[in-house]
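Please read it alongside the sequence and the structure shown here.

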Amino acid sequence: MFSRVIFICLFMSFGLVVMGQGGNDVLGRKVTLNIRDTSIEDILKSIETEDFAFTYSAEVFDVKKRVSLNVKDETIANILEILFRGQGMECQQLGNKLLIRKKRVPKETVPKSDTAKNKTASTPPIKPSIQKAVSPVIEKEREKTSVTEAKKETVVPAITEQRSKSTTGNSSPSTAALALENSRAEYYQEERKKTEAIVNTYKNYTLASLIFVPIYEVHPRALLPIEFKGEIVTEEVAQKEKEPKPEKPAKDNKFRMNLAPMVGYSEIGDRDAIVLGGHLVYNPTKNFGIGVAGKGFITRNEPDLQLGADYSYSGGYGGLLLEATLFPDKAFHLSFPVVFGLGEVMYNSLQPLTGLNTIEDQRTIFVFEPGAYLEMNLIKYLRVGFGATYRDASTANLKYQSTDQPILDKNGLDGLSINIMVKFGIF
């Protein structure tokens, strides 16, 4: 017993139990290491060679734990002891594999004598208060059993003594031995009958339930009714589930307005013309705008043989502007303006030196001009657009006053205009 306890203490004193199998003791090999802040997994890989390797599970210990190690000519067993100190690990050599696992603690054996003592010590002592609660009938039965036990004590030694004599002496039983055997049988029969009688007596007994009665008087204030000032609700009204209201789009109250001068090229009466103009637009939303627009045009001077001077077409128009914009937040986007306006066109000769303006004929015109622009956002308050508009003008038929011959027919002012536009404003 004492040697076994010493063996267990020596076995548990080591943090790592090293066991080797086979003739080649890999754990006894000496290794020199100088490693800083390296994981245990990398240290084990650095120790491995071609003829052996470590086998382990990443769940048994923390393979990513970083340690520093500086040893010289130290055995692999001692290195493992240093790495797993206090972690309860062991290493077993299986051929060319070193198995690292949790240490198996041997079970301690307890002697039978100790278990018997523990059993006797664990049994609670009988309280004297229980004896007081036993009825007089049980006391009488106990007295009878004590008498029978006294008889038993006297009879049993006699029987054993007779048996010893019979075994040592003659092999045939004597009359005295037979008498003792008969008396022993009668004794056990009587004891059995007494026991059955006691069991039958208390078979129908039941334990009375304990009733705890308070020994203090109840305070009369505790019995006073409590005033209730609320309302008793007998029926629970099912609350209607509130349906989520659809979210209304947030109102866009931002102020937007822009001013856009423009310059363009067009043809009027088979003559090159320059178009100058612009518009002022208010945008209630990013995609729509309303405002006013105005344009003026003039063609180059050409000699008129019938009038004997240089004449040109000039005029202008203005009115309501509606504009739609697609993808206004993109760097490049499209806008589509439409102009509804009134204006005037004339055939005149302007002398730059004298300032004399000779008008041969002039007419009032109604203009419908749609267009399309590709715009580019340069900075926050500046945009540049390139596009074209088509001018549809009515009643633009100019005539010579002397001969009533046509100078420009009614569709002579219609035509395409190529424009460049710059927008300044808040978009």
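Is D270 buried or exposed? D270 is exposed, with a relative accessible area of 73%; buried stands for under 20% relative accessible area, exposed for over 50%, and partly exposed for values in between (1.4 Å probe, protein chains only). The model is predicted, so that local features need pLDDT of at least 70 and side-chain atom pairs count only at pLDDT 80 or more, while totals for chains, interfaces and linings use all residues. Residues are numbered from 1 along each chain as its sequence is written, and side-chain values use heavy atoms, with hydrogens and water left out.

**Loop residues with positive phi**

- D270 sits in the loop between β7 (257-268) and β8 (271-282); helices (H or I, at least four residues) and strands (E, at least two) are DSSP runs, numbered from the N terminus.
- Phi of D270 is near 60 degrees, a positive value in a residue other than glycine.
- F327, in the loop between β11 (309-326) and β12 (332-350), likewise has a positive phi, near 55 degrees, and is not a glycine.
- F327 is exposed, with a relative accessible area of 56%.

- In helix α2 (residues 40-47), the buried residues are I40, E41, I43, L44 and I47.
- These residues cover an arc of only 160 degrees around the axis, which puts them on the same side of α2; the arc is that of the directions from the helix axis to the C-beta atoms.
- The buried residues of α2 pack against β2 (30-39), β3 (53-55), β4 (66-75), α3 and β6 (97-102), where contact means heavy atoms within 4.5 Å.
- Helix α3 (residues 76-83) is mostly covered, with 6 of its 8 residues buried: I76, A77, I79, L80, E81 and L83.

**Strand β7 and its partners**

- β7 and β8 run antiparallel and are joined by 12 bridges; two strands pair if DSSP finds at least two bridges between them.
- M257 has Y282 of β8 as its bridge partner.
- The hairpin of β7 and β8 has 2 residues between the strands, and G269 in the turn has a positive phi of about 60 degrees.
- β7 also runs antiparallel to β17 (residues 415-426), with 7 bridges joining them; there, G264 has N419 as its bridge partner.

**Pocket and cavity**

- On a 1 Å grid over the protein atoms alone, a cavity is a set of points where a 1.4 Å probe fits but cannot get out, and a pocket is an open set with protein on both sides within 12 Å along at least five of seven lines; lining residues have an atom within 4 Å of a point.
- The largest pocket holds about 280 Å³ of space; grid points are joined across faces, edges and corners, and a volume is the space filled by probe spheres set on the points.
- Of the 17 residues lining the largest pocket, R256, P328, R383, I426 and F427 lie nearest its centre.
- A search of the whole structure finds 1 cavity of 30 Å³ or more, and the largest cavity has a volume of about 120 Å³.
- The largest cavity is lined by 13 residues, with H279, K295, P337, V339 and Y373 nearest its centre.
- β8, β9 (288-299), β11, β12 and β13 are the elements that give two or more residues to the lining of the largest cavity.
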